[in-house]
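Please walk through this chain from its confidence scores to its side-chain pairs and its cores. The account follows the sequence and the coordinates shown here.

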Amino acid sequence: MNTTTQTHGGARTGAGRKKNSGKFKEDTKVMRVPVSLVGQVKSTLDVYKSQLKSDVEVLEPDFNAPSLSIPIFSSRVQAGFPSPADDHLEDRLDLNKHLIHHQEATFFVRAQGESMLNAGIHPGDILVVDKSLPAKSSKIVIAVVDGEFTVKRLHKYKGKITLKAENPEFEDIEIREGNELIIWGVVTSVIHQYA
């Protein structure tokens, strides 16, 4: 019996990366990206890798979960005496449709610390973050400064960028030359539980 050894083409034993190796700890996939988006994709991956090393908890929404709609009443809740005559049902509300406008660009982050208390963000709150929205001045953003995650109010003035705390006990973060700043997304909603 005559055998030949393949010298090129096809899969080679021992070639390529081992599964679940490197920083990602999960399978990876090769893909082609338009040249105009390479920088944005690279910065997103850099943020993802830095998040793996930090204590920030990023929660991915499950858009395949079944829809859950809850009754919503037409009357507004007053901070005084309620009106029993206004208790009729208006519609049903699906919080996914109400809170998430761009599914592909939305993720959740659990807040830590007290630097944003005056903006209504408390430790343990879940922030709904949209990566597709422009990071305009006065928006609350999830930012990565020199590899560290933070949630702050973005302030841009005369070319100067500051990440402002919403608690006078915390200092603002001034972005200076040499600092690396990545705006990861704009906070669109806060989920705060009382019970």
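In what follows, a residue is called buried when its relative accessible area is under 20%, exposed when it is over 50%, and partly exposed in between, with a 1.4 Å probe and protein chains only. The model is predicted, with local features needing a pLDDT of at least 70 and side-chain atom pairs counting only at pLDDT 80 or more, while totals for chains, interfaces and linings use all residues. Residues are numbered from 1 along each chain as its sequence is written, and side-chain values use heavy atoms, leaving out hydrogens and water.

The confidence score, pLDDT, is given by the predictor for each residue and runs from 0 to 100. Its average over the chain is 76, and 62% of the residues score at least 70. Helices and strands are DSSP runs numbered from the N terminus (helices H or I, at least four residues; strands E, at least two). Among the elements, strand β2 (residues 69–73) has the lowest mean pLDDT, at 59. The highest mean, 96, belongs to strand β8 (residues 160–164).

Side chains of opposite charge can pair when their charged atoms come close. A salt bridge is counted here when a side-chain nitrogen of Lys or Arg is within 4 Å of a carboxyl oxygen of Asp or Glu. The count by this rule is four. In one of them, K160 meets E174 with an N to O distance of 3.8 Å. Because K160 is in strand β8 and E174 in strand β9, this pair ties together parts that are 14 residues apart in sequence. K160 is partly exposed, at 44% relative accessible area, and E174 is also partly exposed, at 35%. Salt bridges link K160, E174 and R176 into a network.

K164 pairs with D172, their closest N and O atoms being 3.3 Å apart. K164 is partly exposed with a relative accessible area of 30%, and D172 is partly exposed at 36%. Another salt bridge joins R153 to E166, with 2.5 Å between the closest N and O atoms. R153 belongs to strand β7 (residues 148–157), whereas E166 is in the loop between β8 and β9 (173–174), 13 residues apart. The relative accessible area of R153 is 25%, which makes the residue partly exposed.

Two serines in loops can be followed next. S115 is in the loop between β4 (106–110) and β5 (126–130). Is S115 buried or partly exposed? At 9% relative accessibility, S115 counts as buried. Its side chain makes a polar contact with the side chain of K152 at 3.0 Å. A polar contact is a pair of N or O atoms within 3.5 Å; within protein, one must be able to donate a hydrogen and the other to accept it, and residues adjacent in sequence count only if both atoms are side-chain atoms. Leaving aside neighbours within four places in sequence, S115 is in contact with residues including E166, N167 and F170.

S138 lies in the loop between β5 and β6 and is partly exposed, at 45%. Not counting residues up to four places away in sequence, S138 touches R153 and L154.

The interior comes next. In soluble globular proteins, nonpolar side chains tend to be buried together. A nonpolar core is a set of buried Ala, Val, Leu, Ile, Met, Phe, Trp, Tyr and Cys residues joined through side-chain atoms within 4.5 Å. The largest such core has 15 residues, and those with the most contacts inside it include I121, L127, I142 and V187. Two or more residues each come from β4, β5, β6 (140–145), β7 and β10 (181–191). Beyond four places in sequence, I142 touches residues among them L127, V129, F149, V151 and W184. A second, separate core has eight residues, including V141, L154, I175 and V186.

Aromatic rings of Phe, Tyr and Trp (its six-membered ring) pair if their centres lie within 6.5 Å; planes under 30 degrees apart count as stacked, over 60 as edge-to-face and the rest as tilted. There are two aromatic pairs by this rule. F107 and W184 are tilted, at 4.6 Å centre to centre and 55 degrees between the planes. F107 lies in strand β4 and W184 in strand β10, so the pair ties together parts that are 77 residues apart in sequence. Both residues, F107 and W184, are buried. F149 and W184 are edge-to-face, at 5.2 Å and 80 degrees.

Note on methods: Contact means heavy atoms within 4.5 Å.
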